[in-house]
Amino acid sequence: MRRKILLPTDFSKNAWHAIKYALELYKNDSCDFYILNVFSIIGSSLESVKNLEPGSKLYETIKAKSESGLTKTMEMLTLLNVDYSKHHFKTISTFNNPLEAIKNIVEQKDIEMIVMGTKGSTNSKNIAYGSTAIYVMEKVRNCPVIVVPEKAKHILPKEIVFPTSYKTHYKRRELNTLVDVAKKCDAKIAILHISNEKKLDDNQEEHKQMLQEIFEEVEYTFYELSNYSLESAISIFIESRDSDMVAFINKKHSFFGSILAQPLVKGIGFNSRVPILVMHDLRN
């Protein structure tokens with residue numbers, strides 16, 4: 001069975017780095033890679049927007065630029081020293097906003113993973129993640145995503161940090177992607193409990209036991225950190241152990257609102273160097 005992987009690109013260095021990361025991650029798998037460029041008209045006048053229809057000069061100009069960029073990306077792929085015998089590449093150029101385009105392709109092509117850069121061609125030094133990356137991590141709830149910073153290591157993870165409070169009831173199918181990536185990379189999972197509580201309650205103990213069952217096919221270790229904020233604890237842990245990836249389950253209405261969108265994405269140090277795997281709470 002062929003895997004179907006979506007690779008959004010705006011032709012930035014960060015997007016290219018994410019594409020190469022995906023090729024390395026799935027180098028031994030039979031894959032259909034869909035390289036997607038979404039073109040739009042940022043900053044154009046309202047009159048231009050009204051007249052933007054297939055066949056109009058403006059539409060055809062930006063469409064041609066998108067298609068040219070995809071052609072160049074395919075040419076760059078041929079220059080890499082990579083065995084593509086198991087890989088098929090398909091390019092998609094579409095006019096839309098990036099989030100809607102990605103949602104549509106995930107549905108139409110039955111995509112199982114999105115791999116993308118943290119920020120695009122604007123590449124602001126003042127933000128860790130661009131708006132498209134944030135929206136995809138938060139809103140595309142039927143598909144996991146790996147977001148790869150431009151400064152991330154070019155090697156696959158050997159240790160994946162999975163922060164938890166043990167207050168969430170986990171389901172095996174929600175964490176299948178993490179187990180799959182760990183197996184693929186022969187990586188250890190570092191289950192990091194961050195809390196100021198001295199003792200786990202019965203529910204937490206049950207959830208911890210569930211994680212042991214879910215991760216039984218991979219190597220894992222439990223760790224504890226207390227007296228730190230969530231973002232500081234993760235950053236300190238990653239820095240001290242030189243971990244290679246962080247994996248989260250995005251709980252709707254709480255995860256991005258209270259954790260990732262504010263402190264993690266905007267401030268802490270690890271986010272410029274470590275890919276993030278975001279999975280989803282399937283009950284939402």
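Buried means under 20% relative accessible area, exposed over 50%, and partly exposed in between (1.4 Å probe, protein chains only). Keep that in mind as we walk through this predicted model, where local features need pLDDT of at least 70, side-chain atom pairs count only at pLDDT 80 or more, and totals for chains, interfaces and linings use all residues. Residues are numbered from 1 along each chain as its sequence is written, and side-chain values use heavy atoms, with hydrogens and water left out.

Let's start at helix α8, residues 230-241; helices here are DSSP runs of H or I with at least four residues, strands are E runs of at least two, and both are numbered from the N terminus. The end C-alpha atoms of α8 are 17 Å apart, which agrees with the 16 Å that its 12 residues should span at 1.5 Å a residue, the expected span being 1.5 Å times one less than the number of residues. Within α8, Ala233, Ile234, Ser235, Phe237 and Ile238 are buried. Just after this helix, Asp242 takes a positive phi of about 55°.

Now for the charges. A salt bridge is a side-chain nitrogen of Lys or Arg within 4 Å of a carboxyl oxygen of Asp or Glu, and the count by this rule is 11. One of them joins Glu217 and Lys183 (2.3 Å, N to O). Glu217 sits in the loop between α7 and β8 and Lys183 in helix α6, 34 residues apart. Glu217 is exposed at 54% relative accessible area, while Lys183 is partly exposed at 45%. Salt bridges also link Arg3, Asp29, Glu112, Asp180 and Lys184 in a network.
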